[in-house]
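Hi there,

Here is the structure I promised to pass on to you. Have a look at it first, and then read my notes below.

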Amino acid sequence: MKSLPKAELHLHLEGAAPPAFIAGLARQKKIDIARVFDERGDYAFDDFPHFLEVYEAATSVLKTPEDYARLVTAVAGELAEQGVVYAETFLSPDFCGGGDVSAWRDYVAAMQEAALAAEAQGGPILRGVVTCIRHFGPDRARRAALCAAETMGDFITGYGIAGNEMMGRPKDFAWSFDLAREAGLGLTAHAGEWGGPVSVREAVEDLRVTRIGHGVRAIEDLALVDRLAEDGIVLEVCPGSNIALGLYPRWDRHPICQLWERGVKVTVSTDDPPFFHTTLSDEYDRLAQAFGWDEEVLAGLNRVAAEAAFCDAPTRERVLARLGGTG
Ligand code: ADE
Ligand code: ZN
């Protein structure tokens, strides 16, 4: 489904780094991260906690704003090949300057410049969602929120939380979400991936997000599903990620179709594509196979993504035009 123009709302920038890109930087900087790769040079991990460890080890070779700029260029090229016209990349001050606002500004400037250059060459429109890491705790999340508020603008447009959902509770992070909301940032939270419906409900109530990263385990509580539908909460569903990490055994057992049939606003993203051996066009191909979704349904999901995007109105119009519809 490469030719279908697509929008994705949930893409971790480091998680989109091709393994060869990370291996090349590691060689250049003489950092030994051989343990993150298998014999074929792909990322290797056994389960979700191990995935997070491997992710952070791979990220450790990205040291400078220039490294991140090169990564943005590489990722934008890959997205363009997959027919992606708009993507929101999750960026973490924890990995880019350790939560220091002034260092973070330098990373943002470098990433934004690379994003604009890629767009000028016909690549996707890119925006950044500052993402705190749940297992790093609420204090570091506060610093991430301050970084987000300080750099909010044409490129940094949202704030969210990723990391290990089993650590802490959403309300521990309410201060940082309040700060981000007051600054005018769009809000999203990973929930309902490793935690059940309670985790989704708490993210909606305690963090007052309009979007949920994953959210798929809401399906275990149909009253919650109906509430998500009524409130228009948008799910950033990443089916290939869920299957690769063992949340569901097969594509036809993934709840995205049930959620959609019950009226929830679902969108489709890749999360960390090379880690899960996927691309956004692969996700669409697999959904078409598993649920018989045709191009009209799939184009509809992209319009939902454009409507839920954390961007200004003129950008949304441009994205809708690139998707081939005006909504
Ligand atoms: N960081 C990168 N990918 C993630 C995922 N699937 N869940 C939580 N944190 C993540
Ligand atoms: Zn994610």
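In this predicted model, a side-chain N or O atom of D271 is 2.6 Å from a nitrogen atom of ligand 1. E193 also has a polar side-chain atom 2.8 Å from a ligand nitrogen, while for G163 a polar backbone atom is 2.9 Å from one. (A polar contact here is a pair of N or O atoms within 3.5 Å.) The protein covers 97% of the 260 Å² of accessible area that ligand 1 has on its own, by the Shrake-Rupley method with a 1.4 Å probe.

Which residues are around ligand 1? They are H12, F48, F51, Y55, A162, G163, H190, E193, H214, D271 and D272, each with a heavy atom within 4 Å of the ligand. Four are nonpolar, four polar and three charged; Gly counts as polar and Tyr as nonpolar. Helix α2 (residues 48-59) gives the most to this shell, three residues; helices are DSSP runs of H or I, at least four residues.

A note on the numbers: residues count from 1 along each chain as written, with chains lettered from A and ligands numbered from 1 in the order written. Local features need pLDDT of at least 70, side-chain atom pairs count only at pLDDT 80 or more, totals for chains, interfaces and linings use all residues, and side-chain values use heavy atoms, without hydrogens and water.

Best wishes

Technical notes: A polar contact is a pair of N or O atoms within 3.5 Å; within protein, one must be able to donate a hydrogen and the other to accept it, and residues adjacent in sequence count only if both atoms are side-chain atoms. Helices (H or I, at least four residues) and strands (E, at least two) are DSSP runs, numbered from the N terminus.
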